[in-house]
Amino acid sequence: TFFTGPFVPELVIIYLIFSSFFLKIIKLEKNYFLLGLIFFYVIILINLSITENTAYEKSLGFIRIILFILLIHYTLIHKKNELIKAFVIYKYILILFLLFIFFHSLLSYFSDISLLRVSSILGDEKILGSAVTKLFFLFVIFYFLNNRDSSSNGILILISLIVIILTLLSGERSALSHLIFYFILFFTITKSIKSSKKIFILISILVIFLLSISFSERLKFRIIDQTLAQLGIAGPSIYTEKIIAGVPRAYIKQEKIYFAPMKHKLMHITAINIFQDNIFIGSGLKTFREICDDEKYNIKYLHPGIDNPYPGFDEEDGCSSHPHNYYFETLSELGIFSTILVLILFSSTIYYIIKYKTELNNFHISTIIPILILFFPLNSSGSLLNNWNICYLSIFIAFYYNFINHEVYKLQKKNK
């Protein structure tokens, strides 16, 4: 390891694990998904060996993810009943947890008029919306695992309502967009729900959204006013303060339309600048935060509508812990080949939806949509390989892996 870095010993570990156990239950022949995961891991090893980033322990996480994905796939095929039994416990724990978070968030929101974003028990981490939406996606997968074509359930409706309200209160607009597109895509694709019922549910969700922003100045300002201004769509062209619930709130319309706020745009440009110097293998795993402040890469910007610096409205730059987008992060840190793999993962969801659109049951749909939404290229996101984030992503990827390598085979047999 001292001479070769992690690359050679990790490859030996991969060979021993797969040859001694997993190759006996999983065929590599035509298993392009698994080969893609292994290739992605090999790129990480090469990256750690060639770049100055030699932190060996950073490479260990991804091999655990591959093994975890294979374990879930194996469990779904051979121990599905045990998984369904476990879901019964998980279901009630999740309901109690969400109810606690729900009432705690309502109390926080209405007791402190200065709050634009509720984080509940997460404290300074403003990711409540992201957390509950991912829990919801996972709940739906488990629910339809045992009820593949079920069209209604009181518990599912209750959890949906709680998650919608919590996501609104969190003020996390990316999570809210995920949730909205999830419902639209699910009801568009599913065949087990009547069209009239689909329309009623979607209209009900729209009514909840409109009522929420109508009766809350804070929600309207955060979800509508700030969003339109930060995306460069509508809003004042100079620094403007608006009194919301007795508290002055500032906003300003960006000069040009972009799919993310200016701070994120600057990080994206910085990531592209880093990528241009490290096209094939990237700058190194988790190195964006270390080199983004280099004058060679960093971009700075001050809105022309700001005469004097204000708190939160000052000169911005493109440096942060990560670029807040999976594709820009992968481009800058791991290079072009890894980014292509992530893009293939996203594109494959569209392929399967189009090819099997009339045959997908609710379980299939619930495993495909999270991948399509979470890996949508225009997303604002957390760090791809962050421990908390990759934990969720690996579960969704595992179910999607099972869909491709098991459920699709059954659909193909059905068509013959």
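Mentor: Let us begin with contact, which means that two residues have heavy atoms within 4.5 Å. Keep in mind as we go that what you see is a predicted model. Among contacts in this chain between residues at least 6 apart in sequence, 74% join residues at least 24 apart.

Trainee: Which residues is Tyr 392 in contact with, leaving aside its neighbours within four places in sequence?

Mentor: With those neighbours set aside, Tyr 392 touches Ala 131, Lys 134 and Leu 135. Tyr 392 itself belongs to helix H15, and with Ala 131 it makes a pair that is 261 residues apart in sequence but 9.2 Å apart in space, taken from C-alpha to C-alpha.

Trainee: Is Tyr 392 buried or exposed, and how much of the chain is buried?

Mentor: A residue counts as buried when its relative accessible area is under 20%. Tyr 392 has 14%, so it is buried, and buried residues make up 52% of the 416 residues in the chain.

Trainee: How many helices and strands does the secondary structure of the chain come to, and how do strands E1 and E2 run?

Mentor: The chain has 15 helices and four strands. Strand E1, residues 240–244, and strand E2, residues 247–251, run antiparallel and are joined by five bridges, one of which pairs Thr 240 with Tyr 251 in E2. The two strands form a hairpin with two residues between them, and in that turn Ala 245 has a positive phi of about 55°.

Trainee: How many disulfides does a search of the whole structure find, and what do they join?

Mentor: In general, a disulfide is a covalent bond between the sulfur atoms of two cysteines. Here the search finds one disulfide, which joins Cys 292 to Cys 319 with 1.8 Å from S to S. The link of Cys 292 and Cys 319 is right-handed, with 55° about the S-S bond. Cys 292 lies in the loop between helix H11 (288–291) and strand E3 (300–301), while Cys 319 lies in the loop between strand E4 (316–317) and helix H12 (326–334), so the pair ties together parts that are 27 residues apart in sequence.

Trainee: Are these cysteines buried or partly exposed?

Mentor: Cys 292 is buried, with a relative accessible area of 0%, whereas Cys 319 is partly exposed at 21%. Cys 391 is also partly exposed, with 43% relative accessibility.

Trainee: How much space lies in the largest pocket, and which residues are the closest to its centre?

Mentor: A pocket is an open set of grid points, whereas a cavity is a set of points from which a probe cannot get out. The largest pocket here holds about 1,600 Å³ of space. It is lined by 47 residues, and the closest to its centre are Arg 173, Ser 174, Ala 175, Ser 380 and Ser 381. Several helices each supply at least two residues of this lining, among them H5 (128–146), H9 (217–230) and H15 (387–415), and H7 gives the most, with nine residues. By type, the lining of the largest pocket divides into 19 nonpolar, 19 polar and nine charged residues.

Trainee: How many cavities of 30 Å³ or more are there, and which residues line the largest cavity?

Mentor: The count comes to one cavity of 30 Å³ or more, and about 40 Å³ of space lies in the largest cavity. Its lining consists of Leu 285, Glu 329, Thr 330, Glu 333, Leu 334, Leu 384 and Leu 385, which divide into four nonpolar, one polar and two charged.

Technical notes:
Residues are numbered from 1 along each chain as its sequence is written. This is a predicted model: local features need pLDDT of at least 70, side-chain atom pairs count only at pLDDT 80 or more; totals for chains, interfaces and linings use all residues. Side-chain values use heavy atoms; hydrogens and water are left out. On a 1 Å grid over the protein atoms alone, a cavity is a set of points where a 1.4 Å probe fits but cannot get out, and a pocket is an open set with protein on both sides within 12 Å along at least five of seven lines; lining residues have an atom within 4 Å of a point. Grid points are joined across faces, edges and corners, and a volume is the space filled by probe spheres set on the points. Ala, Val, Leu, Ile, Met, Phe, Trp, Tyr, Cys and Pro count as nonpolar, Asp, Glu, Lys and Arg as charged, and the others, Gly among them, as polar. Two strands pair if DSSP finds at least two bridges between them. A disulfide is a pair of cysteine sulfur atoms within 2.5 Å. Buried means under 20% relative accessible area, exposed over 50%, partly exposed in between (1.4 Å probe, protein chains only).
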